[in-house]
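Biologist: I would like to learn how to read a protein model feature by feature. Could you take me through one?

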Amino acid sequence: MIDGKKAIAIMQPYFFPYIGYWQLLAAVDTFVIYDDGKYIKDGWIRRNRVLGADGNPMLLKIDIDHPTVNNAINQTLRINNPIRSSKLIKSLVNSYSKAPYFHQVIDLVTPLIMSEELDLVKYLSHQIKEVSRYLGLDTEFRYSSEVSKEGLAGVEDKVFRICHQMGCVDYYNPIGGTEFYDKQDWLSRGGVNLHFLKRNDDISYTQKTASFVPDLSIIDIMMYNSVEEIRQLLQRYTIC
């Protein structure tokens, strides 16, 4: 947030996302979960990476009920597969049982992964909110579906309307947005200051591997770092 003005970030709900997601969430006072965007089949909505028992990255995935590219995320259901969920937990136990913060983190993520909630947005949102609470973040959560986007086709127009309707003065976007959004255009359209957040390239912490593996799920970060250490990592970014 800049000078006490309302700052917003908008992201799809991801499955235990990587540190850049949490840096964005921590940088603003309102985080909008983009729940009515299109479901991306091969994105990070239903999966993420952690370290396997052998020290190599592996995927954790949840089952989705017949997703299509035309479905909105909030029209997509999760399949409650207790066997799959139990295997995910077992994989985490095998991989991280010797990590310094294993016990508190496995107690946190087990009920989140094992949840019987079928609504995909509710399932993922609950994870994001509970991890935020664990990290001591006080960011407010809203949903993009609260704002009507009737008559709008492009994603940028929809994002701009969300910002406008929610009283946003400063909008924070991941650094990849520089390819799509123009700062001067946003100012001229309605006085919204556009900022791009880029995580520092030197972010690292002690893992069980000889060489640091970046951009893993927040689960990996929590296993090896205290809450205070994670909060310090969340501040290691540059605003462009």
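Predicted model: local features only at pLDDT ≥ 70, side-chain atom pairs only at ≥ 80, totals over all residues.

Biologist: Let us begin with charges. How many salt bridges does the count come to?

Modeller: Side chains of opposite charge can pair when their charged atoms come close. Here the count comes to 10 salt bridges. One of them joins the side chains of Glu130 and Arg133, at 2.2 Å from N to O.

Biologist: Where do Glu130 and Arg133 lie?

Modeller: An α-helix has 3.6 residues a turn, so residues three or four places apart point the same way. Glu130 and Arg133 are both in helix 4 (residues 120-134), and their spacing of 3 residues is about one turn of the helix. Glu130 is partly exposed, at 21% relative accessible area, while Arg133 counts as exposed, at 55%.

Biologist: Which residue does Glu146 meet in a salt bridge?

Modeller: The partner of Glu146 is Arg142, with 2.7 Å from N to O. Glu146 is partly exposed, with a relative accessible area of 43%. Arg142 is also partly exposed, and its value is 23%.

Biologist: What about a pair whose residues are further along the chain from each other?

Modeller: Take Glu156 and Arg189, whose side chains meet in a salt bridge at 3.8 Å, N to O. Glu156 belongs to helix 5 (residues 155-165) and Arg189 to helix 6 (residues 183-190), so this pair ties together parts that are 33 residues apart in sequence. Glu156 is partly exposed, at 21%, and Arg189 is partly exposed, at 32%.

Biologist: Which residues are linked with Glu156 in a network of salt bridges?

Modeller: The network links Glu156 with Asp157, Asp185 and Arg189.

Biologist: Now strands. How should I read strand 2?

Modeller: Look at its two faces, then at its neighbours. Strand 2 (residues 30-33) is covered on both faces. Thr30 and Val32 are buried on one side, and Phe31 and Ile33 are buried on the other.

Biologist: Do strand 1 and strand 2 run parallel or antiparallel, and what joins them?

Modeller: Strand 1 (residues 7-11) and strand 2 run parallel, joined by 4 bridges. Within this pairing, Met11 stands opposite Ile33.

Biologist: In which sense does strand 2 pair with strand 5?

Modeller: Strand 2 pairs with strand 5 (residues 140-143) in the parallel sense, over 4 bridges. The bridge partner of Val32 in strand 5 is Arg142, which is the residue that forms the salt bridge with Glu146.

Biologist: For a helix, which residues of helix 8 are buried?

Modeller: In helix 8 (residues 227-234), Ile230, Leu233 and Leu234 are buried. Seen down the helix axis, the buried residues fall within an arc of 100°, so they line one face of helix 8. The elements covering them include helix 1, helix 7 (218-224) and strand 8 (237-239).

Biologist: Which residues is Leu112 in contact with, leaving aside neighbours within four places in sequence?

Modeller: Those contacts are Phe16, Tyr123, His126, Gln127 and Glu130. Leu112 itself lies in helix 3 (residues 102-114) and is buried, at 4%. Among its contacts, Phe16 is the loop residue with positive phi, and Glu130 is the salt-bridge partner of Arg133.

Notes: Residues numbered from 1 in each chain as written. Heavy atoms only, no water. Salt bridge = Lys/Arg side-chain N within 4 Å of Asp/Glu carboxyl O. Helix = DSSP H or I, 4+ residues; strand = E, 2+ residues; numbered from the N terminus. Buried < 20%, exposed > 50% of the residue type's maximum accessible area, 1.4 Å probe, protein only. Pairing = 2+ DSSP bridges. Arc of directions from axis to C-beta. Contact = heavy atoms within 4.5 Å.
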